[in-house]
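User: I would like to go through the assignments in this model and the criteria behind them. Please set each value against its definition.

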Amino acid sequence: MSTPAGPSASDDDILVSSRSFLEYQAFFDLDPQRLPARILDCCAGASGFVAEAQVRGVDAVAVDPIYSLDADSLAVRLTAGAASGTSMIDANSDRFSFDWYGTPERRAEMRRLAQSAFLADHRASPERYVDAALPELPFADASFDLALCSHLLFTWATHLDEQWHVDALVELCRVAAEVRVFPLVLQGAGRPVAFLPRLQLHLREAFGIQSEVVAVPYEFQVGAHHMLRLQRQDQAQ
Ligand SMILES: C[S@@+](CC[C@H](N)C(=O)[O-])C[C@H]1O[C@@H](n2cnc3c(N)ncnc32)[C@H](O)[C@@H]1O
């Protein structure tokens, strides 16, 4: 299949961020009372999701290549990621709405708390933070009930090409019974990802993976209020 953009980025080009459990709940339309037993947060960065999910009784695991870094290098990446994220929002301010958060300060506070939760849990339970990178995951088939991917696939399609997305989604569907990805637009101004419909067709025809674009109760980048939900056909309900 065609590849509109080559995978040219080093990992350093992709920002590291720290979204919260509450944000994930909205991105992926999760019911906090009925969370699946085993959840993978893949491209977890410094998200607080795994820390909080464990408190709620979920067997949660995070994957990110930044977990190879020592504590000092990790802190540098987190500081740089937060600063670049803020600059990117400022540069595209007409493309963001703070309605879901209420105020920019509330969003900043949520991120700060999520990062603290991540840092504490990363220290306390390092075995839950696996140094690995899509499109190859070190887990057996069907290890998880649900895999969540926030702000890597599609968001960074300027750097990760269409074939990389196919490989990553096939791998996520190998290790998890269901996969949810949010958002479905490019970082910055939030332009649509042109190859998304073709990717969905290819996943169905070549790999038997069904996918649907589903509206979610969250919007920050204007117009970005959909996730992609994927299941292998033999798992589909
Ligand atoms: C924008 S952050 C998102 C972090 C977190 N999911 C959140 O929403 O706050 C993107 C993350 O993807 C990670 N990443 C980059 N390449 C990756 C790969 N090939 N596989 C898994 N994660 C990757 C980066 O290290 C970074 O932490």
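Analyst: Helix α5 covers residues 162-175, and at 1.5 Å a residue its 14 residues should span 20 Å, which agrees with the 20 Å between its end C-alpha atoms. The expected span is 1.5 Å times one less than the number of residues. Helices (H or I, at least four residues) and strands (E, at least two) are DSSP runs, numbered from the N terminus. This is a predicted model, in which local features need pLDDT of at least 70 and side-chain atom pairs pLDDT 80 or more, while totals for chains, interfaces and linings use all residues. Residues are numbered from 1 along each chain as its sequence is written, and side-chain values use heavy atoms, without hydrogens or water.

User: What makes α5 largely enclosed by the rest of the structure?

Analyst: Ten of its 14 residues are buried, so the helix is largely enclosed. Buried means under 20% relative accessible area, exposed over 50%, and partly exposed in between (1.4 Å probe, protein chains only). Among the buried residues are W164, H165, L169 and L172. Their cover includes β1 (38-42), β4 (144-150), β5 (176-182) and α6 (196-207), where contact means heavy atoms within 4.5 Å.

User: How do you know that β4 and β5 pair?

Analyst: Two strands pair if DSSP finds at least two bridges between them; β4 and β5 have six, in the parallel sense. S150 stands opposite F182 in β5. The chain crosses from β4 through α5 to β5 in a right-handed β-α-β crossover, meaning that, with the strands pointing away from the viewer, the path from the first strand over the helix to the second runs clockwise. β1 also runs parallel to β4, joined by three bridges, and D41 has L148 as its bridge partner.

User: Why is the pair of W100 and Y218 called edge-to-face?

Analyst: Rings of Phe, Tyr and Trp (its six-membered ring) pair if their centres lie within 6.5 Å; planes under 30 degrees apart count as stacked, over 60 as edge-to-face and the rest as tilted. The centres of W100 and Y218 are 4.9 Å apart and the planes stand at 65°, so the pair is edge-to-face. W100 lies in the loop between α3 (71-91) and α4 (104-124), and Y218 in the loop between β6 and β7, 118 residues apart.

User: Which of the terms buried, partly exposed or exposed applies to W100, and which to Y218?

Analyst: W100, at 28% relative accessibility, counts as partly exposed. Y218 is buried, with a relative accessible area of 4%.
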